[in-house]
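Good morning, and thank you for coming.

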Amino acid sequence: MRIISGIYKSRKIVAPKNLPVRPTTDMAKESLFNILNNNFYFDELIVLDLFAGTGNISYEFASRGTEQITCVDQDFGCIKFINKTASEFKMPIQTIKSDVFTYLEKATLQANIIFADPPYNFSIEEFSKIPELVFQNNLLLEDGLLIVEHSKHTDLSNLNNFSYSKSYGGNMFSFFENN
């Protein structure tokens, strides 16, 4: 994976092969950040990265100037890799080792952008729990976005607070907003 833009532009990050992850493709990530670039000033954002995996999305935010980034993942290897990479690049990334649903039930951190990249084989019920908990617990700041990455074969358009979706190859991003 590589960082698309910002102070670490073109830097490659190689994750250990034994991590249980499926990093967002560079093409999909670049398209997502083009959308975000038109709506946000990255240096003013608070970002919450759920199912953070390798930290790929968080590194992109950090490279573009975001100073408040929290990654949540239940895998110790993922958290260890994110901490190591964030330290090497001196990125302002905090990590929390937790099951995402357990975290969301207790979380008090409010964010402008909440990005969730759960396993693509989640059921619709599992996917629906993400926006349900985010909005029920008021975790999204005003004018913020919850972005859920999923397979193009999964349709989240019937979920509460759904706004729109964008498809890039086999990847799809669904955007949720406060009504």
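Is Glu60 buried or exposed? With a relative accessible area of 0%, Glu60 is buried; buried means under 20% relative accessible area, exposed over 50%, and partly exposed in between, with a 1.4 Å probe and protein chains only.

A word on the basis of these values. This is a predicted model, in which local features need pLDDT of at least 70 and side-chain atom pairs count only at pLDDT 80 or more, while totals for chains, interfaces and linings use all residues. Residues are numbered from 1 along each chain as its sequence is written, and side-chain values use heavy atoms, with hydrogens and water left out.

Let me return to Glu60. Its partner in a salt bridge is Lys29, and the closest N and O atoms are 3.5 Å apart; a salt bridge is a side-chain nitrogen of Lys or Arg within 4 Å of a carboxyl oxygen of Asp or Glu. This pair links distant parts of the chain, since Glu60 belongs to helix α2 and Lys29 to helix α1, 31 residues apart. Helices (H or I, at least four residues) and strands (E, at least two) are DSSP runs, numbered from the N terminus. Lys29 is also buried, its relative accessible area being 0%.

In total, the structure holds six salt bridges. Another of them joins Arg22 to Asp117, with 2.8 Å between the closest N and O atoms. Arg22 lies in the segment before α1 (26-37) and Asp117 in the loop between β4 (111-116) and α5 (124-136), so the pair ties together parts that are 95 residues apart in sequence. Arg22 is partly exposed, at 31% relative accessible area, whereas Asp117 is buried, at 12%.

A further salt bridge, at 3.1 Å from N to O, brings together the side chains of Glu88 and Lys84. Both residues lie in helix α3 (residues 76-89), four residues apart, which is about one turn of the helix.

At 1% relative accessibility, Thr66 counts as buried. What does Thr66 touch, not counting residues up to four places away in sequence? Thr66 touches Phe42, Asp43, Leu45, Val47, Phe61 and Pro92, where contact means heavy atoms within 4.5 Å.
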